[in-house]
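Hi everyone, thanks for coming. I'd like to walk you through a structure that may be new to you, so please have a look at it first.

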Amino acid sequence: MYEQYFGLNSKPFTITPDPRYLFMSNRHTEGLAHLLYGVTDSGGFIQLTGEVGTGKTTLIRALLEQLPKKIEIALIMHTQISAKEFLIEICNELKIKNSSKSMIEVVNSLNHYLLAQYSDGKRVILLVDEAQNLKPEVLEQLRLLTNLETAHKKLLQIILIGQPELRDVLAENNLRQLAQRVTARYHLEPLSQLETNLYIDHRLKIAGARTSIFDKLAKKEVFKYSTGVPRLINIICDRALLGAYSDDKAEVTKDIISKAYNEIQGIVKTSKRSIWPIIFGILVMILTIILLNNDDYLDIQNFLEMIKKLTGIEN
């Protein structure tokens, strides 16, 4: 709707991940370095955590793009399942044919597949998203999968991706054996004020913007409301562009950002000017009561009783 108005070739702030808009902040670059080290270290677990919307998926996409071609990937996104269902999901992702109902036979089929990939010079990586939702028995089964190995190398690399609660889950005493096998950990923090500014400019530039569109104070306001979380930045900026377009403004200002945020939160702000007629009316009423009372034209006690009846106020 607003793309043509601002001279853009696409919406720059959609919440759907788009490789074209990949922005690697210092935090993302550092996190990617940790992940690459963990992957090349061969075997065990890699743990990536971060608040909702901080860019964990973006980081994983960047990781996958830099991995060698001889790598098979299994991505598990449904994590509120049983240990057996989890194993079946892995087999489905890796296209391992298995009709057995026995967990032992499923594990054996997976082991045969991993050995075959290893013999062919390939590696297998298991990506588990929303890992904070995994049940303890599933996490224990994951730990057992890392026992699948040759004399020199682990056959399966596991990357656990989740919200900060994942750290608490793995810190539990009954999971200490799994925690000891985590070879790389990284917690993805939100963007800083400077990175937020760069993030906004980067996405606008990719979308074809020839000017900054957002003024300096507007970007500062975006950071204030989003706290540097990329997903929230996208939502606020998208709404602000729509607001600027609706008001026929060529630039997004601080006030437009505040209005956009309030609309997102469902906050309806009352105009200050609309209060003055009410205040003026009340003052006129009070003054009239005083004058009438002084001239004995009004029985103040009867008037107060009438007000109480009308308003429903009792002593």
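**A short tour, from the surface inwards**

Let's start with Lys95, which is exposed, with a relative accessible area of 73%. You'll find Lys95 in the loop between helix 4 and helix 5. Its phi is near 60 degrees, a positive value in a residue that isn't glycine. Please keep in mind throughout that this is a predicted model.

Now, Ile213 also has a positive phi without being a glycine, here near 65 degrees. Ile213 sits in the loop between helix 9, residues 193-206, and helix 10. Is Ile213 buried or exposed? Its relative accessibility is 4%, so Ile213 counts as buried.

One of the residues touching Ile213 is Leu204, which belongs to helix 9. Leu204 counts as buried too, at 1% relative accessibility. Setting aside residues up to four places away in sequence, Leu204 touches Leu8, Pro12, Phe13, Ala209, Ser212, Ile213 and Phe214. Leu204 and Asn9 are 195 residues apart along the chain, and their C-alpha atoms are separated by 9.9 Å.

On to the interior. In soluble globular proteins, nonpolar side chains tend to be buried together. Here the largest nonpolar core has 36 residues, and those touching the most other members are Phe86, Leu126, Leu134, Leu142 and Leu160. Several elements give two or more residues to this core, among them strand 2 (71-76), helix 4 (83-93), strand 3 (123-128) and helix 6 (136-145). Take Leu142: beyond its neighbours within four places in sequence, Leu142 is in contact with Phe45, Phe86, Leu126, Leu134, Ile158 and Leu160. There is also a second, separate core of 27 residues, including Phe6, Ala207, Ile236 and Val252.

Last stop: a helix pair. How do helix 10 and helix 12 cross? The axes of helix 10 (residues 216-226) and helix 12 (residues 254-265) come within 7 Å, at an angle of roughly 25 degrees. Angles under 35 degrees count as roughly parallel, so helix 10 is roughly parallel to helix 12. Their crossing is right-handed.

Which residues make the contact? Helix 10 brings Leu217, Ala218, Glu221, Val222 and Tyr225, while helix 12 brings Lys254, Ile257, Ser258 and Tyr261. By type, the residues of this contact divide into six nonpolar, one polar and two charged.

Notes. Residues are numbered from 1 along each chain as its sequence is written. This is a predicted model: local features need pLDDT of at least 70, side-chain atom pairs count only at pLDDT 80 or more; totals for chains, interfaces and linings use all residues. Side-chain values use heavy atoms; hydrogens and water are left out. A nonpolar core is a set of buried Ala, Val, Leu, Ile, Met, Phe, Trp, Tyr and Cys residues joined through side-chain atoms within 4.5 Å. Buried means under 20% relative accessible area, exposed over 50%, partly exposed in between (1.4 Å probe, protein chains only). Helices (H or I, at least four residues) and strands (E, at least two) are DSSP runs, numbered from the N terminus. Contact means heavy atoms within 4.5 Å. Axes are lines fitted to C-alpha atoms, for helices over the stretch in contact, and angles run from 0 to 180 degrees between N-to-C directions. Angles under 35 degrees count as roughly parallel, over 145 as roughly antiparallel, 65 to 115 as roughly perpendicular and the rest as oblique. A crossing is left-handed if the near helix is turned anticlockwise from the far one by less than a right angle, and right-handed if clockwise. Ala, Val, Leu, Ile, Met, Phe, Trp, Tyr, Cys and Pro count as nonpolar, Asp, Glu, Lys and Arg as charged, and the others, Gly among them, as polar.
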